[in-house]
Amino acid sequence: MRSSSSRACEEGLAIGPRNAGAPARLGRRETGATEAHRAIEAVWRIESARLIAGLARVVGDIGTAEELAQDALVAALEQWPAEGVPERPGAWLMGTAKHRAIDLIRRRKTLERKHEEIGRDVERSQEGLNLDTAIDEEVGDDLLGLIFTACHPVLSKDARVALTLRVLGGLTTEEIARGFLVPVSTIGQRIVRAKRTLAEAHVRFEIPGGAERVARLASVLEVIYLIFNEGYSATAGKDWVRPALCEEALRLGRILAELAPTEPEVHGVVALMEIQASRLGARIGPSGEPVLLLDQDRARWDRLLIRRGLAALDRAERLGGALGPYALQAAIAVGMAFGPAAGLELVDALVHEPTLKSYHLLPAVRGDFLRKLGRSEEARAEFERGASLTENLRERELLQRRATECGAEGMTG
């Protein structure tokens, strides 16, 4: 299913004069229409994730659910400027999308059981049921199901990240592409392929249980932290940090923590991101240059984020059991807690790990420990190796500068 109205919103559902059809006409109307236009954009940002989640539960497919949601959005663009914004806009969008789902199912003459289920929902809403209440009762499980589906291990990491930011974050393809410094077409292809892969693999829209839930949760946390890391220390380009990606990862992490409050590692990853994000304002100098932890102005650290991070860590610890890698990273940095020798011992155990062979942060961390131990020449070599591996200009300059400093220390030592 791909109507012209869906295509009008396909590129990220951006609402503006460049869009075809109803969005273009809106720009020529009076102030009331403009206000409705802004309201629609705000409502979409708030409601899109749970709208897609609810529809995915019904139709069992993220791609179809997103297209149904897009069609409902275009209907809003056509009707709200003239008729006014509904009292319950989220319920209006869901009701409209479910009507379209019924039409779709009738055309395909399949999924009769789902047809009846959707029909009952619509009939109850027509009989005066508060659809907002019905949606709210299910939205938690729906959103959690959407998270587990978008982050399914059958997808590549890049596909999981792109799909998660699109359907859960509500970001446009342009915004995702800008955040990761890749062409818009690349992101668009990843999203299309991800939806196709999920459909072809017959991935069920569900919240897994038992051992499968643990394994799938690890994939979800990996995706969220990958998004955060790309914002915290960009892999390529001239900017060392991209705060917008950090903010999006934090938002997704907080949503997940509310939906899965008994999972310690969920709170662990939130704690780690909150604490790291608290330093974002102090990590960049006046010219955009990196500022290392020991050189940062701590007055610029965000105290609210620190308190939130510590609270999340406390929740993870109170849930009991052994702390996972995210909680451990949030709780302690081995080098600071036990000294550089202990930290170097752990890092040395990772040197021959094949998956970390080209990971620039491994020699960077090793160089830091060696420098603290007074082994300047070895540290210089590690910093130079790290600089050769990173594709981020700012980080390369930083590591090269540290290598130079170690070389000078070696000459005077």
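Rings of Phe, Tyr and Trp (its six-membered ring) are taken as a pair if their centres lie within 6.5 Å, with planes under 30 degrees apart counted as stacked, over 60 as edge-to-face and the rest as tilted. By this rule the count is three aromatic pairs. The structure is a predicted model, in which local features need pLDDT of at least 70 and side-chain atom pairs count only at pLDDT 80 or more, while totals for chains, interfaces and linings use all residues. Residues are numbered from 1 along each chain as its sequence is written, and side-chain values use heavy atoms, with hydrogens and water left out.

The protein chain has an average pLDDT (the predictor's confidence in each residue, from 0 to 100) of 80, and 80% of the residues score at least 70. The pLDDT is below 50 over residues 1-29, a stretch with 55 contacts (heavy atoms within 4.5 Å) beyond near neighbours in sequence. Residues 124-138 also have pLDDT below 50, with 17 such contacts in the model. Where pLDDT is low, the predicted coordinates should not be read in detail.

Among the aromatic pairs, the ring centres of Trp80 and Trp92 lie 5.2 Å apart with their planes at 70°, so this pair is edge-to-face. Trp80 belongs to helix α4 (residues 62-83) and Trp92 to helix α5 (residues 89-108); the pair links distant parts of the chain, 12 residues apart. Helices (H or I, at least four residues) are DSSP runs, numbered from the N terminus.

Helix α11 (residues 210-232) packs against helix α12 (residues 243-259) at an angle of about 155°, their axes being 6 Å apart. Axes are lines fitted to C-alpha atoms, for helices over the stretch in contact, and angles run from 0 to 180 degrees between N-to-C directions. The two helices α11 and α12 are therefore roughly antiparallel (over 145 degrees). The crossing of α11 past α12 is left-handed, that is, the near helix is turned anticlockwise from the far one by less than a right angle. Residues in the contact include Leu217, Val220 and Leu221 of α11 and Ala249, Leu252 and Leu256 of α12. By class, this contact of α11 with α12 comprises 13 nonpolar (Ala, Val, Leu, Ile, Met, Phe, Trp, Tyr, Cys and Pro), two polar (the others, Gly among them) and one charged (Asp, Glu, Lys and Arg) residues.

Helices α18 (residues 361-372) and α20 (residues 393-412) pack at about 30°, with axes 12 Å apart. Helices α18 and α20 are therefore roughly parallel (under 35 degrees), and their crossing is left-handed. Among the contact residues are Asp368 and Arg371 of α18 and Glu395, Arg402 and Glu405 of α20. The contact of α18 with α20 has four nonpolar, no polar and six charged residues.

Key:
Parallel < 35°, antiparallel > 145°, perpendicular 65-115°, else oblique.
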